[in-house]
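Have the structure open and follow along.

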Amino acid sequence: MSLILWSHPYSGYGQKTAVALYELGLPFELKLVDGSPEVMDGFLAVSPFAKMPTLIDTAAGRTVIESSIVIEYLDRLAGAGRLIPDDPEAALEARFIDRVLDTYVGGNMNRIVFNRLGRAGAPNETAMAQDAKELETAWDMLETRLADGRTWGAGESFTLADCAAAPLMTYARRLVPFGDRPRIRAWHARLMARPSFLRALEDAAPFGDLMPAPPPED
Ligand SMILES: N[C@@H](CCC(=O)N[C@@H](CS)C(=O)NCC(=O)O)C(=O)O
């Protein structure tokens, strides 16, 4: 098997990449980043920022980091045109929605979680409130974008945008609920039924619930 994925099945960005691998039908070997010193030594050697996911393509002798770039790479490996649409306008939209999700949903979510877990000392309430406010702005932007009736995040086909949306929205809504945004709710319900994401959730299930936030009530 030529693809090795350094990741953890509970990681949102790791799940984003797993969804892409399952969508494309590409087999891979998981290198579990479990935090143990022996694993971290190997992980730091391939991923200098120690961020999951990191993909190694042993056949091509390449290491690829950053989930969106990993997915671009995988899509090309699988023949291109599926998760990154061939049409340049559609590709631009997929990349745009992916950026919004990575930066303003996943990024803000990770900072709030980091604070809640007290990773940098006492939680900074002001920073958390600002991060939560930006997450509301991201939900508003996505709700507006979906007003054209699209089925998936960037149009009628499942793309990079949806690989990002499935895990990142599922986690982030536990911190900032979707509220009165029916189009986001409907999109998220479709993502929750997608076999590739269900498979990623199954992979994560044995690790329990590590999120410092209650399960969603809505
Ligand atoms: N921009 C990166 C973000 C990756 C990221 O933040 N991964 C988290 C897990 S969801 C991580 O590795 N955290 C470990 C750490 O920060 O120590 C990407 O898209 O791959």
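Let's begin with Glu93, which sits in helix H4, spanning residues 88-116. Keep in mind that this is a predicted model.

- Glu93 counts as buried because its relative accessible area is 14%, and the cut-off for buried is under 20%.
- Setting aside neighbours within four places in sequence, Glu93 makes contact with Arg145, Arg150 and Ala154.

**Strand S3 and its partners**
- S3 is covered on both faces: Thr54 and Ile56 are buried on one side, and Leu55 and Asp57 are buried on the other.
- S3 pairs with strand S1 (residues 3-7) in the antiparallel sense, over four bridges.
- In that pairing, Leu5 is the residue standing opposite Leu55 of S3.
- S3 is also joined by four bridges to strand S4 (residues 62-65), and these two run antiparallel as well.
- Look across from Thr54 into S4 and you'll find its bridge partner, Ile65.
- S3 and S4 form a hairpin with four residues between the strands, where Gly61 takes a positive phi near 65 degrees.

- Met52 is in the loop that links helix H2 (37-46) to strand S3 (54-57).
- Not counting residues up to four places away in sequence, Met52 touches Trp6, Ser7, His8, Ser11, Tyr13, Val33 and Phe43.
- Met52 and Ala18 are 34 residues apart along the chain, and their C-alpha atoms are separated by 11 Å.

**Around the ligand**
- Which residues are around the ligand? They are Ser11, Gly12, Tyr13, Ala50, Lys51, Met52, Pro53, Glu66, Ser67, Asp102 and Asn110.
- Lys51 has a polar side-chain atom 2.5 Å from an oxygen atom of the ligand.
- Ser67 brings in its side chain too, with an N or O atom 2.6 Å from a ligand oxygen atom.
- Met52 uses its backbone instead: a polar backbone atom there is 2.8 Å from an oxygen atom of the ligand.
- On its own the ligand exposes 510 Å², and the protein buries 70% of that.

How values were computed:
Residues numbered from 1 in each chain as written. Predicted model: local features only at pLDDT ≥ 70, side-chain atom pairs only at ≥ 80, totals over all residues. Heavy atoms only, no water. Contact = heavy atoms within 4.5 Å. Buried < 20%, exposed > 50% of the residue type's maximum accessible area, 1.4 Å probe, protein only. Pairing = 2+ DSSP bridges. Near = heavy atom within 4 Å. Polar contact = N/O pair within 3.5 Å; in protein donor to acceptor, adjacent residues only side chain to side chain. Areas by Shrake-Rupley, 256 points an atom, 1.4 Å probe, with all protein chains shown as cover.
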